[in-house]
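Dear colleague,

My notes on it follow directly after.

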Amino acid sequence: MDQTPFEAEAGAVTATLTPMMAQYFEIKSVNPGYLLFYRMGDFYELFFEDAEIASAALGIVLTKRGKHLGEDIGMCGVPIHAANDYLNKLIKLGHRVAICEQVEDPAEAKKRGSKSVVKREVVRLVTPGTLTEDDHLDARSANYLAALAMVRHGDADFALAWADISTGETFVSDLSAEQVQDELARIAPAELLLPDAARQALVDRHLFAPAWASIATPIPAEAASSETAMPLLRAAFPGDRFDPSALSRAGRAALGALVGYVGESQKGRMAPLRPPQSNPAETVMSIDAATRASLEILLTQRGQTRGSLRQSIDLTVTAPGARLLATRLAAPLRQAAAVNERLDAVSRLVDDTLLRGRLRQELKSAPDLARALSRLALERGGPRDLACIGKAVAAALTISAHLSRQPDLPPVLERLTATLGAAPQDLASEFASALDDDLPLLARDGGFLRAGYDGTLDEERALGRETRAVVAALQARLMDETDVRSLKIKHNGVLGFFVEVPATHGQKLLEAPHRETFIHRQTLANAMRFTTTELAELEGRIARAQDAALEIELAVFARLRAQALARTAALQGLADALAELDVTAALAEVSATRGYCRPTIDDSLHFAISGGRHPVVELMVKAEGHSFVANDADLSGSEDIGGGSLWLVTGPNMGGKSTFLRQNALIAILAQMGCYVPADSAHIGVVDRLFSRVGASDDIAHGRSTFMVEMVETAAILNRATRRSLVVLDEIGRGTATFDGLSIAWAAVEALHETTGCRALFATHFHELTSLAKTLSRVANVTMKVREWEGEVVFLHEVGPGAADRSYGIQVARLAGLPEPVISRAKQVLDVLEQRSAGTASSSQKASVLDDLPLFAHQPAPARKEKDAVYEALDTLRPDELTPRQAIDALYQLKKIRDDARRN
Ligand SMILES: Nc1ncnc2c1ncn2[C@@H]1O[C@H](COP(=O)(O)OP(=O)(O)OP(=O)(O)O)[C@@H](O)[C@H]1O
């Protein structure tokens with residue numbers, strides 16, 4: 001049996017440590033917690049426990065090869081060409097991988113002695129937060145690595161630094177312990193570097209979200225210290241564009257931890273991290289994790305993009321645009337002026353359909369510049385990344401030329417036009433003339449430079465072509481000399497060039513006079529292979545020409561790469577501008593095509609929406625061929641009267657309460673991110689914090705009951721909402737006994753009104769709450785209108801003044817298909833409860849009345865009979881055989897069966 005590279009290098013059966021195993025253990029010991037991809041020839045091999053984990057995770061065969069200390073060595077391997085797919089799978093499953101490459105030619109190792117081992121080094125640690133390859137990343141989502149640091153227990157002593165190393169975007173923000181939760185919910189990092197002390201401090205204060213456990217990477221305290229950070233930060237951000245000493249101590253510590261980890265994972269190659277934007281949490285609308293989940297902003301509660309607000313409004317045409325849209329949606333602004341500036345730009349493109357269409361068309365040809373640049377910086381880029389830069393620059397210049405011809409551009413578009421216009425044209429021209437149209441992924445594959453770009457390269461290529469012609473001539477000559485017409489000169493990876501003749505002619509070449517010329521190499525079933533001295537020489541010449549050509553191409557690639565990297569800052573700015581223009585044009589497209597209106601945004605306490613719609617439900621309802629009912633909301637108030645208004649929303653189940661509540665919260669988000677809103681008009685005084693709690697759900701996985709979750713979340717609102725906040729509460733207090741729930745809901749409404757003074761919508765099935773409108777001046781009652789028709793309830797989805805007197809729960813239960821006997825029994829119980837609650841019966845009396853009711857099991861099921869009769873009549877009908885007259889008669893007959901059943 002053939003030896004595997006492992007056996008050949010490791011020594012198949014050994015009780016002592018072979019040099020290779022010693023090398024393996026040494027590398028493994030300095031990379032604990034990582035699966036080691038150990039390069040052997042054309043495979044990455046995994047051994048021992050790593051092999052067991054990987055084979056189970058990847059579904060690949062686990063073999064046993066050789067022994068170590070008397071035990072079998074488990075092994076599995078992935079071929080190099082497919083390694084990316086396997087790596088991707090492992091990372092998605094939460095594993096971390098160390099890539100260990102051979103860093104010298106095996107021939108060099110041999111020179112040191114036959115037993116010597118090829119030098120190997122870990123060249124990269126792959127973790128969820130340090131991915132850069134397109135294969136591993138979602139093109140339309142950012143992939144953040146975050147680091148949390150804490151300088152001591154107390155307020156505002158935390159800082160969070162985060163970066164997407166696939167684009168270089170970097171941020172840092174000082175936070176209080178309470179803000180940590182909101183910020184992490186907003187950023188949703190793929191990996192969080194977390195020192196033990198910071199984790200413990202959050203756990204102690206009940207501020208550690210269980211979901212973080214799965215993304216946390218523990219780091220030692222010294223990795224997140226402000227002292228050790230300084231030299232790292234100065235090296236990572238050279239020049240004078242950023243001064244790390246301007247950061248807080250916690251900020252320096254967090255950013256230092258992040259930069260250190262990136263450097264370690266990339267083994268010295270530095271990602272092009274941009275000078276960090278300090279992003280004070282106070283500049284964006286604060287939206288906590290529960291609110292994000294309940295409003296389904298970026299993801300639905302099931303974790304899908306489909307059905308989220310993001311998906312419904314994402315009409316961007318580029319991946320960087322989609323990423324920026326998601327970032328903006330996750331962080332609506334808090335300053336009216338900044339919001340209005342964005343709205344001015346959107347507005348200009350809403351009004352100019354032609355310009356919008358043209359820009360969107362041109363943006364489609366702008367590739368993902370930032371990610372290409374990052375791959376090049378990390379020495380993972382190829383010729384396609386260079387081409388990508390060239391194309392992005394070209395697109396930017398075309399767009400800028402077009403925009404600059406437009407009159408009266410608002411400031412945002414003016415700024416974008418200037419940035420795009422400053423794109424490095426020279427780089428684009430150089431890359432366009434250097435790079436071929438059809439490009440290989442890797443530079444080392446060669447063949448990517450255009451003919452005519454480099455004279456020496458053209459000469460080497462010509463030489464290669466000429467030598468090929470010489471090979472053809474040689475084949476013809478050998479054919480004549482041997483008189484074997486089927487003689488061919490071929491090439492393969494093992495033998496290189498060789499002469500091949502069918503087996504029947506092989507003997508002839510082994511004999512005189514040909515044996516002087518032909519040297520036997522291989523005998524196959526049907527053919528025999530030879531070489532000749534002349535062919536071997538020719539082969540050498542061809543290989544030398546190819547090597548020389550590749551060397552030239554690699555040198556040119558290195559030069560072009562350096563040219564691109566020298567312009568990193570300008571190119572990153574350009575990438576930002578393209579993404580911003582894409583988002584602006586996409587929001588304008590949504591606004592213009594869906595009948596959205598420009599909101600008025602100021603610093604008042606207004607919240608006046610007329611004709612508001614739910615941006616996601618509207619699309620779904622329309623797709624089903626129905627129309628969405630628009631509704632007004634006015635929660636406006638002022639400082640003079642103690643704050644904003646609170647609407648108590650009552651109405652039947654399925655009446656549209658949740659939709660109404662959420663649509664107003666979503667309108668606030670859309671408005672403050674700088675988008676038009678689904679309404680006829682909207683006037684919103686900036687919302688500083690948004691809270692939304694819809695119903696209650698179990699958090700069993702984390703040991704919290706429905707009611708506990710609900711109360712923790714309600715407490716967060718009552719403690720944190722301010723006068724400028726918007727609070728949307730749906731059915732708070734329903735997870736416990738009726739009276740407890742009602743009392744909590746009652747007290748919560750009073751607190752929101754009296755203490756907080758925020759603008760609020762409060763949906764409830766506790767109709768008793770509506771009496772609060774009499775005593776609390778800014779509380780108003782509204783209800784979802786319904787119409788009853790022939791015992792059935794019809795939802796109008798219309799909000800009107802007043803309070804609902806009932807919930808129509810039983811009618812909704814019937815619609816949901818609860819068995820008819822259960823429905824009629826429920827009606828009986830409800831009648832008794834309603835009669836009694838109108839009177840003065842005590843609960844024990846009520847119970848005894850309920851006891852008197854006929855037993856459930858004895859209930860007749862009349863509706864069933866009626867249905868049976870209808871079904872029978874339907875079964876006998878043969879529609880194709882009926883005359884029009886008979887069809888009408890059949891219809892009357894069906895109606896009669898139902899009427900009779902009702903009378904009985
Ligand atoms: N304004 C509207 N126009 C058209 N259809 C609507 C409207 N509002 C809601 N609907 C439809 O009614 C359905 C139920 O709405 P929703 O979930 O908001 O009711 P609800 O009153 O909150 O019910 P429950 O009290 O049972 O939670 C929605 O899924 C949607 O299809």
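Helices (H or I, at least four residues) and strands (E, at least two) are DSSP runs, numbered from the N terminus. The model is a predicted one, in which local features need pLDDT of at least 70 and side-chain atom pairs count only at pLDDT 80 or more, while totals for chains, interfaces and linings use all residues. Residue numbers start from 1 along each chain as its sequence is written.

**Overall architecture**

The protein has 32 helices and 27 strands. Along the principal axes, its C-alpha atoms fill a box of roughly 120 × 80 × 70 Å. Of the 904 residues, 40% are buried; here a residue is buried if 20 or more other C-beta atoms lie within 10 Å of its own, exposed if 12 or fewer, and partly exposed in between, with C-beta atoms placed from the backbone. Two residues are in contact if their C-beta atoms, placed from the backbone, lie within 7 Å. Among contacts between residues at least 6 apart in sequence, 70% join residues at least 24 apart.

**The ligand shell**

There are 13 residues around the ligand, and N653, G656, S658, T659 and H797 come nearest; a residue counts as near if its C-beta atom, placed from the backbone, lies within 6 Å of the molecule. Helices α23 (617–623) and α24 (657–673) each supply at least two residues of this shell, and α24 gives the most, with three. The shell consists of five nonpolar, seven polar and one charged residues. In this classification Ala, Val, Leu, Ile, Met, Phe, Trp, Tyr, Cys and Pro count as nonpolar, Asp, Glu, Lys and Arg as charged, and the others, Gly among them, as polar.

The unreviewed UniProt entry annotates G651, P652, N653, M654, G655, G656, K657 and S658 as "binding site". UniProt positions are given in the numbering used here, feature names are shortened, and annotations may be inferred rather than shown by experiment.

Three of these annotated residues deserve a separate description.

- N653 sits in the loop between β21 (646–650) and α24. N653 is partly exposed because 19 other C-beta atoms lie within 10 Å. The C-alpha atoms of N653 and Q811 are separated by 9.2 Å, although the two residues are 158 residues apart along the chain.
- G656 is also placed in the loop between β21 and α24. G656 has 24 C-beta neighbours inside 10 Å and therefore counts as buried. Beyond its neighbours within four places in sequence, G656 is in contact with M784, F795 and H797.
- S658 belongs to helix α24. With 20 other C-beta atoms within 10 Å, S658 is buried. Residues up to four places away in sequence aside, S658 touches V694, D730 and A763.

**A helix pair and an annotated region**

The axes of helix α15 (residues 369–377) and helix α22 (residues 568–593) come within 8 Å and cross at roughly 155 degrees. Axes are lines fitted to C-alpha atoms, for helices over the stretch in contact, and angles run from 0 to 180 degrees between N-to-C directions. The pair α15 and α22 is therefore roughly antiparallel, a term used for angles over 145 degrees. L369, A370 and L373 in α15 meet T568, L571, Q572, L574, A575 and L578 in α22. This contact has seven nonpolar, two polar and no charged residues.

UniProt lists residues 528–555 as "coiled-coil region", again in an unreviewed entry. Over residues 528–555 the chain is 82% helix and 14% strand, and the end C-alpha atoms are 41 Å apart.

Yours sincerely

Conventions:
Angles under 35 degrees count as roughly parallel, over 145 as roughly antiparallel, 65 to 115 as roughly perpendicular and the rest as oblique.
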